[in-house]
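Here is a short report on one protein chain. Keep the structure open as you read, and find each part as it comes up.

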Amino acid sequence: MNKETYAIIDIGSNTMRLVIYLRDKSGRLKEIENVKAVARLRNFLSEENILEEKGIEILINTLLSFQEVTRHHKLNEVKCVATATIRQAKNQQSILQRVKDETDFSMRVLSEYKEAYFGYLAVVNSTPFTSGVTIDIGGGSTELTYFEDRKLISYYSFPFGALSLKKQFIKQNIPTEVELHTLRTFLAEQFSSLEWLVNKKLPIIGIGGSARNMVQIHQEMISYPLAGVHQYKMNDQEVKNVNDYLHSLTFSELQRVEGLSKDRADIIIPAVEVFKLLMDVVKTDQFALSRKGLRDGVFYEELTKDFGITVFPNVIEESFYELATDYDIDVNHVLNVTNIGIIIAQLLNKVGLASINKYDMTLIKRGAFTFNLGKYIDSESSSQHTYYLLANRTIDGLLHRERIIIALIASFTSKAAFKRYVAPYINWFSKEELIKYRLLGAIIKFAYSLNATKRNIIEQIESEEIGEELHFYFTCNKDWKPEQYQVEKQKKHLEKQLKKSVILHFG
């Protein structure tokens, strides 16, 4: 295998997928190929748990199709993992042998623990949740984990999935009221049997295609303005709204629902029922999606083993390191600007012109780190590029709302531009929050001007309020005229936010 390229084949009970990743300069795995086949192997598992010949043929033929792609990319080593259907098949050994004999691949059957563990690993390494419950509903099994302080506490694999639930409880493509009642009773009994699950009152993080489709449907229903589904949050009413909407449709209409893969039209209703019932049992109002799942968990384990860890110490710091690498951020310069920005904020608090709390200080740090990031593309339109890149790039560890906040602060150039950027999300924030974010953006812009030449000349900053004026006193260790010129140009943004004249003293 090329040292920069990684590939995995995920053999699920509903779908089979080949994903090829390129490891970029920051170490992040970036998808370059994603090939999906709807194999529905679960439908060929007999009541005696024998995978029928027809199912084996579909498995082999799909792998041969994937093989064409892996050979084209000259991939000599491809991970190939299988889950519930192959795990439950009594003729598993003969299936493994046939795959080995007839294809380029050697198939690894994941245990219930490993399947659950890899999902947990993907969630704690790519989302901000430190405690929660994960659910990965496949075609033939449903894996749940409970983690606390980012440590796996409990797991369970139920021997049912979206396909097997439909097969067991729903005769046609759309369930009847009687069938729904029976399904709900069954799910409530199953989930309630896990003592560690009941009344946990923790966020539920969904993994896999059914969770992703539910989120995509909801985004279409509300005309969601932001790109991406990873770390998208829904409350219990929103999950209920999606469920009610799906129940209102004929099967023909279901197949045309925006956000729903046509091949999942017959299994999306039982899948959403699973999510809804789980939220009821856990007693939570929070459902979030992790686009990172089993496949990513496999690679997290693989790529971190040399460091003796599998869980990243800090997800957001890891993400900002990737940003620094991808966009050539001058970390030394950023740290100096961040320090200046924090001091300015503290001085504004001291004189009573602002009320900047601990969370706001964190926003200043993240905003300063990514401020003017768009110059990587074009310095003349840096603000627009900064906003677009941050608003539309998935940043592991940052929920969508937080991502927009950072984008607004880091791209701050004027009140008018700020208003244009925030327009699609204006209902996400209160008037007071928007005023605060403009102030934080103005502080960072002011701080950047004080290190305009990247010489780190500012040694000490003091301030005092004199009537309608705010005076800053800067002690410098080198000639300060270039910085003075820049900060005199940019101080107007701080003046507008503070409604004070800002007077600068250098020495």
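Start with a cysteine. C80 is buried, because its relative accessible area is 3%, under the 20% cut-off for buried residues. C476 also counts as buried, at 14% relative accessibility. A disulfide is a covalent bond between the sulfur atoms of two cysteines. How many disulfides does a search of the whole structure find? It finds zero.

**The whole chain**

The model is predicted. The chain holds 19 helices and 14 strands. Its C-alpha trace spans about 85 × 50 × 40 Å along the principal axes. Of the 507 residues, 55% count as buried. Now take contacts between residues at least 6 apart in sequence: 70% of them join residues at least 24 apart.

Strands of a sheet pair through backbone hydrogen bonds, either parallel or antiparallel. Here, six strands form an open sheet with mixed pairing, in the order β8-β7-β6-β9-β11-β10. Its edge strands are β8 (151–158) and β10 (233–234), and each pairs on one side only. Helix α4 (residues 112–124) packs on this sheet. The helix touches β6, β7, β8, β9 and β11, and its direction makes about 50° with that of β7.

Look closely at β6. Six of its six residues are buried. G132, T134 and D136 point one way, while V133, I135 and I137 point the other way. A hairpin of four linking residues joins β6 to β7. V133 has a bridge partner in each of two strands: Y146 in β7 and I204 in β9.

| Strand pair | Direction | Bridges |
|---|---|---|
| β7 and β8 | antiparallel | seven bridges |
| β6 and β7 | antiparallel | six bridges |
| β6 and β9 | parallel | four bridges |
| β13 and β14 | parallel | six bridges |

**A crossover**

Turn to β13 (residues 469–476) and β14, which run parallel. H471 stands opposite I503 in β14. How does the chain get from β13 to β14, and what is the hand of the crossover? The chain passes through helix α19 (residues 481–498), and this β-α-β crossover is right-handed.

**Nonpolar cores**

In soluble globular proteins, nonpolar side chains tend to be buried together. The largest nonpolar core in this model has 120 residues. Which of its residues touch the most other members? They are F191, F446, F472 and F474. Helix α10 (residues 268–282) gives the most to this core, with 11 residues.

Take F191 as an example. Leaving aside neighbours within four places in sequence, F191 is in contact with L144, F158, F160, L197, V198, V274, L277, L278 and V281.

Another core lies apart from the largest one. This other core has 28 residues, among them A37, L51, C80 and F105. C80 is the cysteine with a relative accessible area of 3%.

Definitions and conventions
Residues numbered from 1 in each chain as written. Predicted model: local features only at pLDDT ≥ 70, side-chain atom pairs only at ≥ 80, totals over all residues. Heavy atoms only, no water. Pairing = 2+ DSSP bridges. Contact = heavy atoms within 4.5 Å. Axes fitted to C-alpha atoms, helices over the stretch in contact; angles between N-to-C directions. Core = buried A, V, L, I, M, F, W, Y, C linked by side-chain atoms within 4.5 Å. Buried < 20%, exposed > 50% of the residue type's maximum accessible area, 1.4 Å probe, protein only. Right-handed = clockwise from strand over helix to strand, strands pointing away. Disulfide = S-S within 2.5 Å.
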